[in-house]
Amino acid sequence: MPLLGAVDLGGTHTRYGLFMQDAQGGLRLERAVTGMTALVKDAQSLRAQWEASLGMPVDALSSLVIGIAGPVSDPWHAVTSNADVRLDLTEWDAGQEGRLCPCRLANDFVCEAYACLTEVGRQARPVFGPDPVPDGVRAVLGAGTGLGAAQLVPVGADGTAHVRRAFPAEFGHAPFPFIGRDEADFSAYAAKRFASEWVTGDDVVSGRGLACLHAYLSGEELDPQAASRYLEQECETLRWYARFLGRVCAQWALSTLCYGGLYLTGGMVKRHPALPSHPAFIEAFFCAPRLRVLERIPLRRYTHDMSGLWGAAWLAAAMLSPADREREA
């Protein structure tokens with residue numbers, strides 16, 4: 001059976017996964033480990049961390065996909081948005097047998113989108129909304145070290161199933177839509193704190209955004225992990241953060257018309273699963289009642305901690321030709 005490698009390189013953590021693909025095309029996670037992105041600087045250190053963590057050379061794989069938190073201009077070169085990592089896969093040399101497995105880079109939220117097509121999507125938990133439209137657009141959005149988004153769009157059919165393609169976005173770097181004087185005051189505070197002319201979604205609903213928000217509301221300076229405990233108790237920090245997250249989710253849903261479902265991922269929702277059920281989130285999400293569009297969006301949340309790995313593995317499997325699958329079966 002093909003041996004598939006998957007990497008999810010985020011702003012804080014990097015996850016490495018080893019998958020098998022069965023004869024029916026299903027994926028099985030064999031092993032997964034988590035490392036620190038701070039220890040990765042380039043393609044060589046990434047390869048060294050892979051081989052040290054999983055105990056096998058990358059050239060033993062049938063294919064490998066590396067999801068990276070940043071724009072990917074081509075499948076060999078990329079730079080992270082929220083960490084100091086520059087990857088150039090052309091630096092990799094073949095192994096002892098003169099073979100380097102097929103490998104490529106992909107935006108991390110493209111991987112999160114393809115995860116919809118695996119057991120991660122099937123196990124996603126409904127939050128509210130109707131049943132997904134089977135051939136509808138699916139969208140993913142997640143807040144963690146930064147804010148990521150992508151969509152999975154039907155582009156045709158092969159006679160037995162819909163063919164879908166994931167499209168990346170840099171939605172998290174768009175200016176955040178603040179409303180009212182109180183929010184304008186916070187926007188000015190955050191802009192000064194981040195030394196920026198404007199404040200983006202990345203600055204508001206990420207971990208550092210939460211710490212900034214809590215400092216503004218309470219005067220208490222905490223790191224993102226310490227500030228996150230206020231998302232577990234009813235307080236101003238929770239209400240403001242839930243409202244901001246609901247608003248950014250509504251924006252992405254309106255932009256994508258994802259009647260196949262809006263899937264929430266990222267560390268903020270995975271660690272605080274009650275967030276999208278908070279009244280402030282719901283009120284902010286349904287921000288366009290006259291359109292009757294958002295009421296038709298099924299909201300789901302991933303429950304799998306390794307969702308990005310599953311999407312990268314799905315892409316790694318898609319890289320294999322039928323001959324590859326038969327040769328390694």
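Me: What volume does the largest pocket have?

Reply: The general idea comes first: rolling a probe the size of a water molecule over the atoms shows where empty space is left. A pocket is defined on a 1 Å grid over the protein atoms alone, as an open set of points where a 1.4 Å probe fits, with protein on both sides within 12 Å along at least five of seven lines. Grid points are joined across faces, edges and corners, and a volume is the space filled by probe spheres set on the points. In this structure the largest pocket has a volume of about 890 Å³. This is a predicted model, in which local features need pLDDT of at least 70 and side-chain atom pairs count only at pLDDT 80 or more, while totals for chains, interfaces and linings use all residues. Residues are numbered from 1 along each chain as its sequence is written, and side-chain values use heavy atoms, with hydrogens and water left out.

Me: Which residues that line the largest pocket are the closest to its centre?

Reply: Lining residues have an atom within 4 Å of a point of the pocket. There are 43 of them here, and Gly144, Thr145, Gly146, Gly266 and Gly267 are the closest to the centre.

Me: Which elements give two or more residues to this lining?

Reply: Helices (H or I, at least four residues) and strands (E, at least two) are DSSP runs, numbered from the N terminus. Strand E2 (13-21), H2, E10, E11, helix H7 (224-227), H9 and helix H11 (307-318) each give two or more residues to the lining of the largest pocket. H9 gives the most, with four residues.

Me: How is a nonpolar core to be read, and how many residues has the largest one?

Reply: A nonpolar core is a set of buried Ala, Val, Leu, Ile, Met, Phe, Trp, Tyr and Cys residues joined through side-chain atoms within 4.5 Å. Buried means under 20% relative accessible area, exposed over 50%, and partly exposed in between (1.4 Å probe, protein chains only). The largest core here has 52 residues, and those with the most contacts inside it are Leu141, Tyr241, Leu245, Leu262, Phe281 and Phe285. Among the elements that give two or more residues to this core are strand E10 (138-143), strand E13 (261-265) and helix H8 (236-256). H8 gives the most to this core, with 11 residues. A second, separate core of 30 residues includes Phe19, Phe109, Val120 and Ala312.

Me: Is Cys103 buried or exposed, and which residues does Cys103 contact?

Reply: Cys103 is found in strand E8 (residues 103-107). Cys103 is counted as buried because its relative accessible area is 7%. Contact means heavy atoms within 4.5 Å. Leaving aside neighbours within four places in sequence, Cys103 is in contact with Leu64, Trp76, Leu89, Trp92 and Met319.

Me: Where is Cys287 placed?

Reply: Cys287 lies in the loop between H10 and strand E14 (299-301). With a relative accessible area of 46%, Cys287 is partly exposed. Beyond neighbours within four places in sequence, the contacts of Cys287 are Ala250, Leu254 and Leu294. The C-alpha atoms of Cys287 and Gly246 are separated by 9.3 Å, although these residues are 41 residues apart along the chain.

Me: How many salt bridges does the structure hold?

Reply: Side chains of opposite charge can pair when their charged atoms come close. A salt bridge is a side-chain nitrogen of Lys or Arg within 4 Å of a carboxyl oxygen of Asp or Glu. The structure holds 11 salt bridges. In one of them the side chains of Glu221 and Arg193 meet (3.0 Å, N to O). This pair links distant parts of the chain, with Glu221 in the loop between H6 and H7 and Arg193 in helix H4, 28 residues apart. Glu221 counts as exposed at 53% relative accessibility, and Arg193 as partly exposed at 34%. Arg208 and Asp203 also form a salt bridge (3.1 Å, N to O); Asp203 is buried, with a relative accessible area of 10%. Arg47, Glu51 and Asp59 are linked in a network of salt bridges.
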